[in-house]
Amino acid sequence: MYNFEVEKPGTLAEATAAMAGEDAQALGGGQTLIPTLKQRLASPAKLVSLSGVAEMQGISKDGDALRIGGATTHGAVAADGNYPALSALAAQIGDPAVRNRGTIGGSLANNDPAACYPAAALGSGATIITTNREIAADDYFQGMFDTALDEGEIVTAVSFPIPQAANYQKFVQPASRFALVGVFLAKYADGIRVAVTGASNEGVFRWAEAEAALGDDFSASALDGLSVPADNMISDLHGPAAYRAHLVKVMTGRAVTAAG
Amino acid sequence: MPKDTGIGASPVRREDVRFLTGTGEYTDDIVLAKQTYAVFARSTVAHGTIKSIDTSAAEGMPGVLAVFTGEDFVEVGGNPAGWLINSRNGEPMKEPKRPVLAHGKVRHVGDAYAAVIAETIEQARDAVEAIEADIDELPAVVDMNDALSGSNFVHDEIETNQCFDWGWIEDNRDATDNAIKNAHHVTTLELVNNRLVPNAMEPRASIGSYKASTGEYTLHTTSQNPHLTRLLISAFVLGIPENMLTVIAPDVGGGFGSKIYHYGEEALVLAAAKKLGRPVKWTADRTESFLTDAHGRDHVTKIELALDKEGNFLAFRTDTKANVGAYLSNFSTATPTFLHGTLMAGNYTVPLVYVNVKAVFTNTAPVDAYRGAGRPEATYSLERVIDKAARELRMDPIELRRKNFIKPDQYPYASAAGLEYDAGNYDALMDKMEEVADVAGFEARRKQSEANGLMRGFGVNAYIEACGIAPSNLVGVLGSRVGLYDAATVRVNATGNLSVMVGAHSHGQGHETAFPQVVAEMLGIDPAVIDIVHGDTSKIPFGMGTYGSRSLAVCGSAVVRATEKIINKAKKIAGHMLEASDQDITLENGVFSVAGTDKSVTFGEVALKAYIPHEYPLEDIEPGLEETAFYDPANFTYPSGAYACEVEVDPETGKVRVDRMCAVDDFGNVINPMIVTGQVHGGLAQGIGQALVENTSYDENGQLLSASYMDYTMPRADDMPMFHVDHSQGTPCTHNPLGVKGCGEAGAIGSPPTVVNAVIDALQSGGTNVTHIDMPVTPARVWDAMQNAKSEEA
């Protein structure tokens with residue numbers, strides 16, 4: 001690690017002020033950032049720890065939506081249960097140490113192309129609430145490690161519309177246990193959403209053809225005849241693009257069956 | 001009734017108290033006064049010419065005490081290969097120098113070309129970043145075929161990338177060729193034995209220190225064999241007299257082979273300690289472990305098996321390319337040859353074996369012995385091709401193996417690959433395996449899997465290994481440059497407790513528990529009064545280390561011999577005390593008695609007499625009670641086993657799950673069954689890891705793609721089934737005093753082919769004509785093989 005300053009603000013206003021400094025870097029649970037610092041692959045002048053920000057804590061039900069503070073750990077989401085498919089997803093992230101430190105805000109701000117939360121947010125049509133504005137998930141994810149966030153903008157909360165039924169199917173990359181392919185599927189009164197993580201060079205994406213087919217017939221067999229193009233899929237030592245494309249369909253079918 | 005003490009009992013491991021409570025003392029835990037820190041500058045390219053290294057900026061950085069480059073070590077020796085292999089044409093192998101720090105060229109990613117010593121580790125890291133190295137990148141030599149055919153050389157001075165071209169047994173070559181040409185059936189298989197990164201839990205670490213007043217050096221280091229490290233540094237690298245160098249390997253957190261060898265970092269910290277007059281510590285980070293620990297395996301093999309129409313094996317012929325990486329590590333030339341080719345007859349009465357191995361330099365990390373070392377490669381090749389032959393001939397894979405097994409009445413048996421097996425009973429192992437694995441219940445389990453939409457397969461395997469490494473006279477003839485005996489000193493203290501100094505270092509094997517069981521059994525005393533001392537060259541007589549499943553068979557035999565000497569001398573002392581001839585003294589339950597009388601003295605009384613020799617025949621018997629023995633084995637030991645595995649394969653994703661794993665091993669006599677079971681469990685986990693998940697991958701530029709746990713998959717608990725382990729069918733080794741064979745590597749040798757055989761069986765039973773998938777059998781590879789098989793049928 002290189003040397004850096006640390007601030008731990010107690011309010012959003014303080015956090016925003018702290019982030020205004022030069023080379024300031026927000027620190028959520030640190031599950032990606034700390035290893036990066038240890039490898040000397042980043043050298044921020046200042047880390048702004050968000051774990052003490054009052055407005056970013058807690059999970060609350062707000063009508064048909066579940067609002068989760070940005071500093072909420074995966075472990076807390078896993079234990080919540082108001083949105084069972086989301087809790088199940090959180091329970092599959094990393095190991096207990098990761099789940100007790102890592103936060104939903106940190107994960108969504110980082111937007112790792114193989115992370116689980118982006119699939120849930122996009123698959124649920126969630127709203128990303130920041131220090132400046134509210135951003136629809138469809139507008140938020142902009143490619144690998146890329147989001148609509150501006151410099152210094154902090155994810156303060158995420159609001160998930162609770163669906164009629166939902167399921168997350170994760171086929172793990174065996175080393176990292178991130179998703180080699182993860183499919184989050186949610187059924188709402190106005191339609192089906194299918195979001196895929198781990199597979200694409202563009203990061204998390206929606207599989208529109210499947211959403212349409214499942215809207216007409218909510219069964220795995222509705223996917224017969226559909227296929228995902230392999231063109232823009234990730235190819236690495238864990239699997240070629242064609243395999244990932246194949247898994248997207250398999251995992252989507254399993255999600256439909258499991259969601260019931 | 002299981003015993004509760006001595007040989008055959010399973011007391012809990014006494015060393016686990018410190019391991020499980022965090023009170024072990026590892027090299028990095030040791031803090032010496034005025035200690036400084038070393039950090040290495042390592043190549044980021046696989047192959048390059050060092051044009052210049054400017055260290056001036058680094059030398060001016062805060063806290064920096066010294067900067068070393070390859071120039072500083074031009075005058076000292078290289079780290080040698082411990083085994084000379086001659087090529088088929090009689091030429092000795094190529095031995096390019098392996099310097100302390102790279103000089104002239106860098107040859108793999110991670111190759112160290114400079115080192116900074118500073119007051120703190122962070123200062124040393126900062127200064128390493130300030131070193132300006134001008135390195136001209138050269139094309140990397142990665143693929144072994146390219147290495148052999150091209151003119152881009154890892155070591156320019158030898159003008160080839162071939163280290164040797166070895167034939168075994170060369171005199172059998174023509175006969176083997178003829179047998180294969182004329183056979184009723186020949187089964188051929190091309191396969192890869194995948195490269196593995198050892199991944200010991202504790203990274204390598206070393207502290208060099210130097211006392212100017214006496215000229216004495218001390219090296220604390222993560223070593224499986226401190227005496228060998230001392231010998232290599234003294235005789236080959238730095239020329240420090242052996243009596244001026246103490247090497248201490250304290251608690252060591254796993255080695256699996258990778259900590260047998262001497263590494264350049266050890267020489268660097270010693271040389272730097274002398275220059276600075278202060279201790280110098282280096283501890284690898286995990287990336288350095290991935291890039292620079294000696295890797296394992298990495299063979300590419302074509303094997304052919306010739307059979308007659310009854311299924312009798314007529315000949316095995318193999319053609320192997322073995323990757324040795326960028327430099328020869330200490331045992332890298334023995335592993336693919338005499339620890340591999342000599343095992344190519346397996347458990348079978350096959351009359352002819354011919355093995356050709358070409359060892360190849362590449363711009364990758366050095367490759368050397370890793371748990372099993374050559375024997376897993378031999379077993380994998382044999383047991384995969386036998387399985388394929390059974391399928392081609394529509395024979396039951398168990399019956400085909402049984403048909404060719406050496407039978408119990410054939411021992412000692414001279415194998416076609418040049419070894420003399422002393423004892424074994426492979427049919428008894430197979431019988432036991434069929435019982436323990438519940439082979440009879442397999443079809444019912446397969447139907448259940450099918451009902452769940454999964455393909456179930458059954459795989460079997462028989463193995464033999466050569467352990468108890470090794471008879472010095474034999475290995476000397478075969479090219480070894482060292483002897484492979486071991487040594488022990490048994491010191492009985494005046495108050496009757498014992499210190500036993502053993503050459504075999506313990507880094508997880510449980511020696512501190514098992515060796516006292518042997519001594520306690522022989523003396524009839526409480527094992528609690530016996531303490532094991534190991535890992536410090538200033539305290540123990542000598543030792544050739546812990547590897548090759550040798551500790552009990554070789555060092556344990558030295559312990560027995562030294563204890564016998566203790567008993568002989570103690571009987572003389574007791575005879576004097578009891579006024580009887582030592583010939584008439586018996587020892588039972590720790591009491592010396594005159595046969596046929598009620599006169600006796602206890603072991604403790606004899607010990608006290610030895611150290612307070614009043615009324616003592618000093619003209620006949622020396623005072624004291626301490627004996628040393630060196631033991632050199634007459635032959636290898638030959639553990640063997642029959643393994644079974646059942647897997648379920650998901651036809652949609654290709655994911656393989658090991659559902660059942662059964663290991664029936666013949667380890668001869670067993671000292672501590674619990675420790676043996678634990679050793680087998682660990683070996684099975686590593687073998688299943690190799691078979692299914694561990695994937696060391698270099699790209700065409702020689703960059704290690706799997707250089708962290710984000711991409712290198714370690715087997716985890718949830719990848720493992722409950723293991724069914726049995727060692728009830730032991731046939732004692734005939735030539736060592738305990739009748740033991742060694743158990744450390746068996747699990748890693750026997751399991752990979754068992755798992756792959758089971759996967760192929762699952763795919764075949766599911767109607768997919770897949771005959772082979774290379775390890776690791778990842779979901780993507782299974783799916784790909786299934787797609788290819790389908791398109792071939794279409």
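## Exercises on a two-chain model

In this structure, 15 residues of chain B are in contact with 12 residues of chain A (contact: C-beta atoms, placed from the backbone, within 7 Å). The model is predicted: local features need pLDDT of at least 70, side-chain atom pairs count only at pLDDT 80 or more, and totals for chains, interfaces and linings use all residues. Residues are numbered from 1 along each chain as its sequence is written, while chains are lettered from A and ligands numbered from 1 in the order in which they are written.

**Exercise 1.** Sort by class the side of chain B that touches chain A.

*Solution.* Start with the classes. Ala, Val, Leu, Ile, Met, Phe, Trp, Tyr, Cys and Pro count as nonpolar, Asp, Glu, Lys and Arg as charged, and the others, Gly among them, as polar. Then count: 7 nonpolar, 5 polar and 3 charged residues.

**Exercise 2.** Locate the domains of chain B and describe their contact.

*Solution.* Take the bounds from the automatic or database domain assignment. Domain 1 of chain B covers 440-460 + 637-794, and domain 2 covers 485-631. Next, the contact: domain 1 of chain B gives 15 residues and domain 2 of chain B gives 13 residues. The domain 1 side has 8 nonpolar, 5 polar and 2 charged residues. Last, the C-alpha centres of the two domains lie 43 Å apart.

**Exercise 3.** Describe the packing of H6(B) and H7(B).

*Solution.* Two packed helices are described by the angle between their axes and the distance between the axes. Find the helices: H6(B) is residues 226-237 and H7(B) is residues 264-276 (helices are DSSP runs of H or I, at least four residues; strands are runs of E, at least two; both are numbered from the N terminus). The angle is about 70° and the axes are 11 Å apart (axes are lines fitted to C-alpha atoms, for helices over the stretch in contact; angles run from 0 to 180 degrees between N-to-C directions). H6(B) and H7(B) are therefore roughly perpendicular (65 to 115 degrees). Now name the contact residues. H6(B) brings Thr229(B), Ile233(B) and Val237(B), and H7(B) brings Glu266(B), Ala267(B) and Leu270(B). By class, this contact has 4 nonpolar, 1 polar and 1 charged residues.

**Exercise 4.** Work out the strand order of the open sheet in chain A.

*Solution.* The sheet has 3 strands in the order S1-S3-S2, with parallel pairing (strands pair if DSSP finds at least two bridges between them). S1(A) (5-7) and S2(A) (24-27) stand at the edges, each with a single partner strand, so one side of each is left without a neighbour in the sheet. S2(A) pairs with S3(A), residues 46-49, over 4 bridges. Ala24(A) stands opposite Lys46(A) in S3(A).

Conventions. Two residues are in contact if their C-beta atoms, placed from the backbone, lie within 7 Å. Angles under 35 degrees count as roughly parallel, over 145 as roughly antiparallel, 65 to 115 as roughly perpendicular and the rest as oblique.
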